Amino acid sequence: MNRPVAAACFALACLLLAPAANAGEQRNEPIDPAVLETLSGQIADRAAPFFNFKNANDAHRWVFEMSNRLQNRIPDRKDRINLLKTIQWEATRAGLDPQLVLGVIEVESGFKKYAVSSAGARGYMQVMPFWTQVFKRPRDNLFNLRTSLRYGCVILRYYLNLEKGDYFRALGRYNGSLGRREYPDAVHAAWRGRWKYDGATS
């Protein structure tokens with residue numbers, strides 16, 4: 001079997017064997033055209049991610065701490081660092097706390113790259129496929145690390161703005177469970193508990 005065919009078979013096997021995530025589903029609701037234009041521009045931004053800290057010592061401390069916490073879930077150090085770099089970059093550029101994004105990923109996908117929910121949400125941040133149509137980017141792969149995180153962070157920021165900073169309601173929208181406590185409470189427990197960090201994150 002040649003390499004391209006083997007790689008395709010492996011990717012298909014990962015999708016078939018990936019456990020269903022306990023995620024909900026974002027709703028495909030009308031978005032103000034001006035807001036949609038801004039969101040689409042953010043999604044299209046392909047700037048290379050890097051650790052966005054005020055000084056190198058802050059970066060080293062954060063990476064060391066978060067990498068240790070992730071070790072049991074993602075044993076490969078290179079994969080952990082790549083994930084953390086992308087989380088920190090995409091979260092801060094969207095105006096989100098990276099620890100919040102870690103909490104969302106934990107609850108949404110359990111840090112499983114190829115997770116698929118019963119509703120069809122995909123990837124680390126369990127993004128619903130309709131968003132690729134909303135942003136007119138039908139070829140985007142929601143299992144791709146950067147794509148999943150960029151979409152997830154931009155969408156969560158949009159919901160936070162829509163709800164005027166109300167995390168409970170914004171997280172409910174993100175999960176498709178607006179008005180119910182289970183999901184926002186679970187993310188908050190992960191964010192302020194397992195991923196709590198008192199040092200600088202940007």
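Here are legends for a few close-up views of this predicted model.

**View 1. Helices H4 and H7 pack against each other.** Two packed helices are described by the angle between their axes and the distance between the axes. Here H4 (residues 77-93) and H7 (residues 145-162) meet at about 30°, and their axes are 9 Å apart. Angles under 35 degrees count as roughly parallel, so H4 is roughly parallel to H7. The crossing of H4 past H7 is right-handed. On the H4 side, look for Asn82, Leu83, Thr86, Ile87, Trp89, Glu90, Ala91 and Arg93; on the H7 side, find Leu145, Arg146, Leu149, Arg150 and Cys153.

**View 2. Arg150 sits in helix H7.** Is Arg150 buried or exposed? Its relative accessibility is 0%, so Arg150 counts as buried. Setting aside neighbours within four places in sequence, Arg150 touches Gln42, Ile43, Asp45, Arg46, Glu90 and Arg93.

**View 3. Tyr167 and Trp191 form an aromatic pair.** The structure has 12 aromatic pairs, and in this one the rings are tilted, at 5.1 Å centre to centre with 45° between the planes. The pair joins distant parts of the chain, since Tyr167 belongs to helix H8 (residues 167-175) and Trp191 to helix H9 (residues 182-194), 24 residues apart. Tyr167 is partly exposed, at 33% relative accessible area, whereas Trp191 is buried, at 5%.

**View 4. Ring pairs build a cluster.** Which residues take part? They are Phe130, Trp131, Phe135, Tyr151, Tyr158 and Tyr159, linked by ring pairs.

Note on methods
Residues numbered from 1 in each chain as written. Predicted model: local features only at pLDDT ≥ 70, side-chain atom pairs only at ≥ 80, totals over all residues. Heavy atoms only, no water. Axes fitted to C-alpha atoms, helices over the stretch in contact; angles between N-to-C directions. Helix = DSSP H or I, 4+ residues; strand = E, 2+ residues; numbered from the N terminus. Parallel < 35°, antiparallel > 145°, perpendicular 65-115°, else oblique. Left-handed = near helix turned anticlockwise from the far one by under 90°. Contact = heavy atoms within 4.5 Å. Buried < 20%, exposed > 50% of the residue type's maximum accessible area, 1.4 Å probe, protein only. Phe/Tyr/Trp six-rings, centres within 6.5 Å; stacked < 30°, edge-to-face > 60°.
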